[in-house]
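Here are some notes for a colleague who is opening this structure for the first time. They are meant to be read beside the model, one point at a time.

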Amino acid sequence: ENYKDLVEIIISLQNIDYKNKSINIYSQNLIYEEMKGFLNNFLIKLLNIKLKNAEEKYILDFISVISNTLFNSPNKCFVHKDMNPSNILIKNNKFYLIDYQNALIGSCYYDLACLLFNERELLTQEQIYKGIKLFLDKGKYKNNFNEEFCFCVFHRVLKTLGCFANLYLINRHSILLTYIKNCLDIAIFICEVKSENNLKHIIENAKEIFYSKYLEKNWGFKC
């Protein structure tokens, strides 16, 4: 269960003293604009969904709350920002992280959210809960965990849906459809955990359209 070793790597990264280093802060505007890609790139450009004014306002208000909460969180540390399997190398049974160019100072729960809710390698709920327990048992950050961790998952998955939608419109690589499919499942799951029923309804509707437009036609998948 390699994810356990990776949780410990995340904990060790959080001990990096960043105060005398020139590392940018994960700004409120950047967090907001990343999640806004879910609206602009995924819902509107990829799926051609025409949202009601109230639905669009709900999404913008929701991501505004998340960006404000994460930016103003006191739980700040060094964040790798792209904790996914393609950035993890294994040599002599040891794990090495690469691709640090996007590293920032941000929420201490963001890398954990990226690892445990990653569209490239879906974990079981049991693995997710074990990863969370290991982080809380061995790490030094626990403050406001439930809300902030879930907000990090929302940030990650909404941002990723926007990014992959934009990439697919550019290069049409079919693997991106798989990643989007997995992101939608993650998004619905975290909506259920946080009882975000309005967002869940929007995402479930988008999932039906996505399956109909891309997966049923190409692969025969049905929602």
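1. In this predicted model, Asp 185 and Lys 207 are joined through their side chains in a salt bridge, with 2.9 Å from N to O. Asp 185 belongs to helix α7 (residues 175-193) and Lys 207 to helix α8 (residues 197-219), so the pair ties together parts that are 22 residues apart in sequence.

2. How many salt bridges does the structure hold? There are 10 salt bridges in the structure, and a few others deserve a look in turn. As background, side chains of opposite charge can pair when their charged atoms come close. Glu 192 is paired with Lys 200 in a salt bridge whose closest N and O atoms are 3.1 Å apart, and Glu 192 counts as partly exposed, at 44% relative accessibility. Elsewhere, a network of salt bridges links Glu 119, Arg 120 and Arg 156.

3. A further salt bridge joins Glu 126 to Lys 130, where the closest N and O atoms are 3.2 Å apart. Both Glu 126 and Lys 130 sit in helix α5, and they are 4 residues apart, which is about one turn of the helix. Lys 130 has a relative accessible area of 35% and is therefore partly exposed, while Glu 126 is listed among the exposed residues of α5.

4. Which residues of α5 are buried? They are Ile 128, Gly 131, Ile 132, Leu 134 and Phe 135. These residues cover an arc of only 160° around the axis, and so they lie on the same side of α5. The buried residues of α5 pack against α1 (2-13), α4 (110-116) and α6 (145-171). On the other side of α5, the exposed residues are Glu 126, Lys 133 and Asp 137; for Asp 137, the relative accessibility is 51%, so it counts as exposed.

5. Turning to the strands, Ser 107 is found in strand β4 (residues 104-107), and its relative accessibility of 6% means that Ser 107 counts as buried. When neighbours within four places in sequence are left aside, Ser 107 is in contact with Leu 70, Asn 75, Lys 76, Val 79, Glu 148 and Cys 152.

6. Is Tyr 96 buried or partly exposed? Tyr 96, which lies in strand β3 (residues 94-97), is partly exposed, with a relative accessible area of 41%. Together with Leu 89 and Ile 98, Tyr 96 forms a nonpolar patch on the surface, and the three residues have about 260 Å² of accessible area together.

Conventions: Residues are numbered from 1 along each chain as its sequence is written. This is a predicted model: local features need pLDDT of at least 70, side-chain atom pairs count only at pLDDT 80 or more; totals for chains, interfaces and linings use all residues. Side-chain values use heavy atoms; hydrogens and water are left out. Buried means under 20% relative accessible area, exposed over 50%, partly exposed in between (1.4 Å probe, protein chains only). Helices (H or I, at least four residues) and strands (E, at least two) are DSSP runs, numbered from the N terminus. The arc is that of the directions from the helix axis to the C-beta atoms. Contact means heavy atoms within 4.5 Å. A salt bridge is a side-chain nitrogen of Lys or Arg within 4 Å of a carboxyl oxygen of Asp or Glu. Patches are made of residues with over 30% relative accessible area and no salt bridge: like charges are joined within 9 Å, nonpolar side chains (Val, Leu, Ile, Met, Phe, Trp, Tyr) within 5 Å. Accessible areas come from the Shrake-Rupley method with a 1.4 Å probe; for residues, only the protein chains shown count as cover.
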